[in-house]
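User: I am new to this structure and would like a short tour. Could you walk me through a few of its residues?

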Amino acid sequence: MKNVFTLIMAAFIGTSVAMADGTQSIQETISKQLAVPAEMLISNYEKVTIDFKMKPDGEIALIDVNSQNADLKNQVIKHFKEIDFSKAEKLTVGNYSINVFFKSM
């Protein structure tokens, strides 16, 4: 059985991987909680772009997921809703985009 590794490349600046007050960065939160089955990948390396919005109340809302792999896109949409952002940093209100790389080994 293949393992899937999630690599996150942030498209925004000013956040670090480990926050001093014990909170996690958005990137770390997503990379720890977002997983897909290896069988979901068409190739052993796939990129997904996730667009999300930081709301004034601190909640994160998914805007869009872009991927060449429709099944992977649907899986990311499904699992993004399940991510617990309660210990994640609070970003400035606005729209953000991150690239997530899934690699099968």
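This is a predicted model: local features need pLDDT of at least 70, side-chain atom pairs count only at pLDDT 80 or more; totals for chains, interfaces and linings use all residues.

User: How many aromatic pairs does the structure hold?

Analyst: The structure holds four aromatic pairs. In one of them, the ring centres of Y45 and F101 are 5.6 Å apart and the planes meet at 20°, so this pair is stacked. Y45 belongs to strand β2 and F101 to strand β4 (residues 94–104), so the pair ties together parts 56 residues apart in sequence.

User: And F101, buried or exposed?

Analyst: F101 is buried, with a relative accessible area of 14%. Y45, at 43% relative accessibility, counts as partly exposed.

User: What about F52 and Y96?

Analyst: F52 and Y96 form a stacked aromatic pair, with 5.7 Å from centre to centre and 20° between the planes. F52 lies in strand β2 and Y96 in strand β4, 44 residues apart. Ring pairs also link F52, F80, F85 and Y96 into a cluster.

User: Changing topic: where is E46 found?

Analyst: E46 is in strand β2 (residues 45–54). Its relative accessible area is 8%, under the 20% limit, so E46 is buried.

User: Which polar partners does its side chain reach?

Analyst: The E46 side chain reaches the backbone nitrogen of I42 at 2.4 Å. A polar contact of 3.3 Å also joins the side chains of E46 and N69.

User: Last one: which strand holds N66?

Analyst: N66 lies in strand β3 (residues 60–66), and at 36% relative accessibility N66 counts as partly exposed. Beyond four places away in sequence, N66 touches K47, V48, T49 and D51.

Note on methods: Residues are numbered from 1 along each chain as its sequence is written. Side-chain values use heavy atoms; hydrogens and water are left out. Helices (H or I, at least four residues) and strands (E, at least two) are DSSP runs, numbered from the N terminus. Buried means under 20% relative accessible area, exposed over 50%, partly exposed in between (1.4 Å probe, protein chains only). Contact means heavy atoms within 4.5 Å. A polar contact is a pair of N or O atoms within 3.5 Å; within protein, one must be able to donate a hydrogen and the other to accept it, and residues adjacent in sequence count only if both atoms are side-chain atoms. Rings of Phe, Tyr and Trp (its six-membered ring) pair if their centres lie within 6.5 Å; planes under 30 degrees apart count as stacked, over 60 as edge-to-face and the rest as tilted.
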